Amino acid sequence: MSVSKVIENTILSLKTQIGNMSNGKPKYKTYSYSNIDVKATDQALYTVADALTSLFSADIAKIIRQDLSNLSS
């Protein structure tokens, strides 16, 4: 049986470090943008995320791409 995967939605998330917790570990906040075109390339998403970084006062710790897929046979 062959299984096919269809990407249904893409989410771009920017994880920022907003400080430190009392134990010294970093404290993060994530900003997510959904309904991204599933055909968007990784380079295009990185370029957009890089442009958005100037809008944040905190440093960007991670740029995350999440593809939500449907599996069917």
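Me: What share of the 73 residues of the protein chain counts as buried?

Reply: Start with the terms: buried means under 20% relative accessible area, exposed means over 50%, and partly exposed is in between, using a 1.4 Å probe and protein chains only. In this chain of 73 residues, 16% count as buried. The model is predicted: local features need pLDDT of at least 70, side-chain atom pairs count only at pLDDT 80 or more, and totals for chains, interfaces and linings use all residues.

Me: Which residues of helix α1 are buried?

Reply: The general idea first: an α-helix has 3.6 residues a turn, so residues three or four places apart point the same way. In α1, which covers residues 42-52, the buried ones are Leu-45, Ala-49 and Leu-52. They take up an arc of only 55° around the axis, which puts them on the same side of α1. The arc is that of the directions from the helix axis to the C-beta atoms. On the face turned away from this buried side are the exposed residues Gln-43 and Ala-51.

Me: What covers the buried residues of α1?

Reply: The cover includes β1 (4-20), β2 (26-36) and β3 (59-72). Cover is read from contact, meaning heavy atoms within 4.5 Å. Not counting residues up to four places away in sequence, Ile-36 touches Asn-9, Thr-10, Ile-11, Leu-12 and Leu-45.

Me: Where do I find a link between residues that are 42 apart in sequence?

Reply: Take Ala-58 and Thr-16, which are 42 residues apart in sequence and 5.9 Å apart in space, C-alpha to C-alpha. Ala-58 is in the loop between α1 and β3, whereas Thr-16 is in strand β1. Thr-16 is buried, at 1% relative accessibility. Leaving aside neighbours within four places in sequence, the contacts of Thr-16 include Lys-27, Tyr-28, Phe-56 and Ile-60. For the chain, among contacts between residues at least 6 apart in sequence, 65% join residues at least 24 apart.

Me: What is the phi of Asn-35?

Reply: Most residues other than glycine have a negative phi. Asn-35 is not a glycine, yet its phi is positive, about 60°. Asn-35 lies in strand β2 and is exposed, with a relative accessible area of 65%. Ser-34, also found in β2, is partly exposed at 46%.

Me: How far apart are the mean positions of the positive and negative charges?

Reply: Lys and Arg count as positive and Asp and Glu as negative, while His and the chain ends are not counted. Each charge is placed at NZ of Lys, CZ of Arg, CG of Asp or CD of Glu. Here there are 8 positive and 6 negative charges, and their mean positions are 10 Å apart.

Notes: Residues numbered from 1 in each chain as written. Heavy atoms only, no water. Helix = DSSP H or I, 4+ residues; strand = E, 2+ residues; numbered from the N terminus.
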